[in-house]
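Please look at the sequence and the structure first.

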Amino acid sequence: MNRHLTAISAALALGLCASAGHAQTETVRFACYIPITGPLAQFGANMQHGFEMALEDFEKSGKLKDATVTIDCEDDQNRADDAINLARKFIEDDSYVASIGSWGSTVTLAAGPLYDKAKMVNITPISSHPDVTKVGPYVFRQSIIQSKEGPANAEYLNKLGVKKLAMIGLPNDYGKANMALTRMAFEKSGGEVVFEEFIRPDAQDFRQVIQKAARTEPDMIYLGLFAPQAALIAKQTRQLGIEIPFYGSAALGTYDFPRLAGEAANGTRLLLVFNPATGDEMADFFKRYEEKYGSKPDAFAANSYITATTLLDIVAEQYPDVTRESIREGLDSQTTIDTIAGPTTYDPQTREWTFRFRDGVIEDGEFKIVE
Amino acid sequence: MIDHFILGQLAIGVSVGMTYAVIAIGLTLIFRVLSAVNFAHGDVYTIGAFATLIGATTLALPLWAIVPLVLAVGGLSGWTVERLAFRPVRRFTDEASLRSRAVREATLLSSLALGIVVREALDQVYKGEWLVIPASHQLTQPVNLGGVIVSTGEIAIAGSSILLLIGLQYLLHRTRIGIAIRAVSSNLLGAQFSGIDINRVIVAVFIVASILGAAAGMVVSLTYGSVQSFMGLTMIVKGFVVMVVGGLTSIPGAVVAGLLVGVAEAAAGIFVPSAWTEMVGYGLLLMTLLFMPRGLFGRRQA
């Protein structure tokens, strides 16, 4: 009996200590769910690097002196069920003020409703499906979105004089939305889509699709894909002796595409956002990233850096009154901010951010801005 | 134009089907002896591709020197798979326990587990990245065969598959170990009574099968120019389908079924979106199981 009581009082004392410690938080903690293992581990790793650099730069800036901020990332393997389990765990843990994630739209759309219900902010730096911010007022996104990229793609395609377009895309939420919104805008502006097909992402041989697309004699082939598949398609197209030029979705604006596709990437037109060609600040980020991690960052790393920085600036402004609700208010009261990708604007109506798109081309494996 | 298009599609089907066949033969060889499926086989294929990559980049070897390297690595992985996933659960070498259900199920899981370990380890080391085979080593130059454009890699796939098949036939029919392999697979008890060392034969089968798997990984990685830790996953599934369609134990069956699945997928792609062609292989699997449970060339089992 005695021992029992001791145990209870010890537990109580511990509980008191814990809550006392909690009241005067010295660490502001963000949760984060991204793919850390599995086939998409590379993207998750790059996102984590982006967060790390943002935290370092924030610390150096001295904007927040009395507290430290952490971003604790856990693995969702880009799977909806894992993301839901993590969401439950993060929501339960009061020390987290908000959650960042995930990479894939499918995953974010699965976990988002849980965060929204629990009134905890979930912000994704990547997932670009139009429905993400429609989940609810607590689900945010700060990335290039398909509904903005689609019309921008159509505009650039028109500038290039493209009349007939063949489109090849990924059959996931990203690819479908990217293809549909680009197609809609392109057709609205008078263009014709002569071919559209979705590929199996795990396949290695895409020559069948390529030959079918080429048979429709398009002016350009649109790649609504990520670098690995786009590179295979580009290489196999040239291998088949087909010289139709490519137009890539903005997701191809990373060094992975020219690295994997080699010469076949040259001549590809695409919109550039998170690319060192777009400005000095981005070029500086790329340089520092490469020095630190030994590899070039991708759009996900840059976008994660921007989102983490946005959150950190909100924390610096609000500290010490940082709560789950205050983070939501902070995000919702944003206007135009300067980021490494140039001026970026928040629209409280649509709750979406607008990034600056630049017309680009790949020449000799390098990205260039077309004036 | 339309003829060339269709011929081009079928050429793709043949080259893809050849790869399926080589993978399926590896599975078949092992199945003939142990009645078990080696689910680590897809990862041996991946290892073959990574050995090619390391040979071409880190070791900077010319193409001709990569071939023996990959074959050696393949053989070594076969030996390792047998040691780690199959031997520990094989306590006795009599027929009843060798082909017992318990052993089959245990090895199914142990080989699957070993495959996962290999895959995740490669994934950790290479961060899940798609890695590029240097352009100098890629077999991606277009070749015009009377209007049908194929790549040098395609010809390499077809050529090497035929070579591997001839080599395998020679091994099985003309060498001591090959004859022992055939003896063990057709009559285990009889083979044992004639003094054949069963364990040695099993190791040999794993080495031969894995050399085939690694060689396929090499040729495919050179043809497509990229390598990734998960590339074996689709292959093992396809190889398994082809093995079942071909009749589980028949090498000619595996070849015919491999070509059948490859060409059927390509042919279907002419009419339906290519994302749907995945169904074709599984459709064939289902039809085989329903209407021809012994497969195309399956032998009657007691």
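Is strand S6 (residues 164-169) of chain A mostly covered or mostly open, and how many of its residues are buried? In this predicted model, S6(A) is mostly covered, with five of its six residues buried.

| Partner of S6(A) | Bridges | Direction |
|---|---|---|
| S7(A) | six bridges | parallel |
| S8(A), residues 220-224 | five bridges | parallel |

On the S7(A) side, Met167(A) has Glu196(A) as its bridge partner. To get from S6(A) to S7(A), the chain passes through helix H6 (residues 173-188) of chain A, a β-α-β crossover that is right-handed. On the S8(A) side, Ala166(A) stands opposite Ile221(A).

A wider view comes from the annotation. An unreviewed UniProt entry records "domain: Leucine-binding protein" for residues 27-350 of chain A.

The last topic is the contact between the chains. Chain A contributes 29 residues and chain B contributes 28 residues. On the chain A side, at least two residues each come from helix H2 (41-61), strand S7 (192-198), helix H7 (207-215), helix H8 (227-239) and helix H9 (256-261). H7(A) gives the most, with five residues. By type, the chain A side that touches chain B has 12 nonpolar, nine polar and eight charged residues.

Notes. Residues numbered from 1 in each chain as written. Chains lettered and ligands numbered in written order. Predicted model: local features only at pLDDT ≥ 70, side-chain atom pairs only at ≥ 80, totals over all residues. UniProt positions renumbered as here; feature names shortened; annotations may be inferred. Contact = placed C-beta atoms within 7 Å. Helix = DSSP H or I, 4+ residues; strand = E, 2+ residues; numbered from the N terminus. Nonpolar A, V, L, I, M, F, W, Y, C, P; charged D, E, K, R; others polar. Buried ≥ 20, exposed ≤ 12 C-beta atoms within 10 Å, placed from the backbone. Pairing = 2+ DSSP bridges. Right-handed = clockwise from strand over helix to strand, strands pointing away.
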